[in-house]
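Please look over the model below before reading on. Keep the sequence beside it as you go.

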Amino acid sequence: MSMLDFADAEALGRVQSVDTATVIVRVDDVDALRALQVNRLVALQSSLAGHKLIGVIHKITRTALEEAKVADVERADEAHPEVNLVRITLIGTLLDRDGTRANVFRRTLETVPEIDACCFALEGERLTRFMGVISEVTGGAQRLSLGAYTLDPNAEAFVNGNRLFQRHALVVGSTGSGKSWTTARLLEQVAELESASYRVRHARRICVHGRRRFRASSSRGSGRY
């Protein structure tokens, strides 16, 4: 079963035109259009079974087709026909299964959407599951939570803990961006991992101003950083 099952009634719009990796979707629901944001992810129906096309919203437009006539003022919305379009750039394909592996994302396009194919917003739990595939935290991988995505506070961001500790990691950002909070959150979760004493002992936090310290603890002990 697909990790991104949608009902047609959940579609935010339908494909109106396709040009290589660029897709134009018409959105008839104004409220749905207002809820969209540039750089949000969407999923589109593919002509191939078991495939979902993933895209990024590039542009949102709302254009009046013609001016209302004086005699049509009482017709309200019918007197002000509009076309609401969303330009989407396709970035890859989500496969329900690739050989023995389930839910595989490829940064290639084996097909493009058909005209009138449904387009769905990736948000909330569905966005969390999809990003879990990208960061390889599905299955039995150790998941370390980083917090929520800026564009969707209802979707949680994870990193693969097993892969994180196979290399060096650096948390950087501007003042007030949440570096200390993110580092503390990671180390608190690291303390609960198997062989945590080894991993925490090799984790270091450097504050150039020397103003912040925090403690990571677990059932195995605690450490001050």
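This report covers confidence, aromatic pairs, loops and a surface patch.

**Ground rules**

This is a predicted model, in which local features need pLDDT of at least 70, side-chain atom pairs count only at pLDDT 80 or more, and totals for chains, interfaces and linings use all residues. Residues are numbered from 1 along each chain as its sequence is written, and side-chain values use heavy atoms, without hydrogens or water.

**Confidence**

pLDDT is the predictor's confidence in each residue, on a scale from 0 to 100. The protein chain averages 77. A score of at least 70 is reached by 72% of the residues. Residues 67-71 fall below 50. Beyond near neighbours in sequence, that stretch has 3 contacts in the model. A contact means heavy atoms within 4.5 Å. Residues 216-225 also have a pLDDT below 50. This second stretch has 29 contacts beyond near neighbours in sequence.

**Aromatic pairs**

A search of the whole structure finds 2 aromatic pairs. Rings of Phe, Tyr and Trp (its six-membered ring) pair if their centres lie within 6.5 Å. Planes under 30 degrees apart count as stacked, those over 60 as edge-to-face, and the rest as tilted.

| Pair | Centre to centre | Angle between planes | Type |
|---|---|---|---|
| Phe-6 and Phe-120 | 4.4 Å | 10 degrees | stacked |
| Phe-105 and Phe-130 | 5.4 Å | 90 degrees | edge-to-face |

Phe-6 lies in the segment before strand 1 and Phe-120 in strand 7, so their pair ties together parts 114 residues apart in sequence. Helices (H or I, at least four residues) and strands (E, at least two) are DSSP runs, numbered from the N terminus. Both Phe-6 and Phe-120 are buried. Buried means under 20% relative accessible area, exposed means over 50%, and partly exposed is in between (1.4 Å probe, protein chains only).

Phe-105 sits in strand 6 and Phe-130 in helix 2 (residues 124-134), so this pair ties together parts 25 residues apart in sequence. Phe-105 is buried at 16% relative accessibility. Phe-130 is buried too, with a relative accessible area of 2%.

**Loop residues**

Is Arg-40 buried or exposed? Arg-40 counts as buried, because its relative accessibility is 14%. Its place is the loop between helix 1 (30-35) and strand 3 (41-45). Setting aside residues up to four places away in sequence, Arg-40 touches several residues, among them Gly-55, Glu-123 and Asp-152.

Leu-48 belongs to the loop between strand 3 and strand 4 (51-64). Leu-48 is partly exposed, at 36% relative accessibility. The C-alpha atoms of Leu-48 and Pro-113 are 9.4 Å apart, although 65 residues separate them along the chain.

Next come two backbone angles. Thr-20 is not a glycine, yet has a positive phi of about 55 degrees. Thr-20 occupies the loop between strand 1 (13-19) and strand 2 (22-26). With a relative accessible area of 63%, Thr-20 is exposed. Asp-116 also has a positive phi, near 75 degrees. Asp-116 lies in the loop between strand 6 (101-106) and strand 7 (118-121).

**A surface patch**

Which residues make a nonpolar surface patch of about 210 Å²? Val-18, Val-112 and Ile-115 do. Patches are made of residues with over 30% relative accessible area and no salt bridge; like charges are joined within 9 Å, nonpolar side chains (Val, Leu, Ile, Met, Phe, Trp, Tyr) within 5 Å. A salt bridge is a side-chain nitrogen of Lys or Arg within 4 Å of a carboxyl oxygen of Asp or Glu. Accessible areas come from the Shrake-Rupley method with a 1.4 Å probe; for residues, only the protein chains shown count as cover. Ile-115 is in the loop between strand 6 and strand 7. At 52% relative accessibility, Ile-115 counts as exposed.
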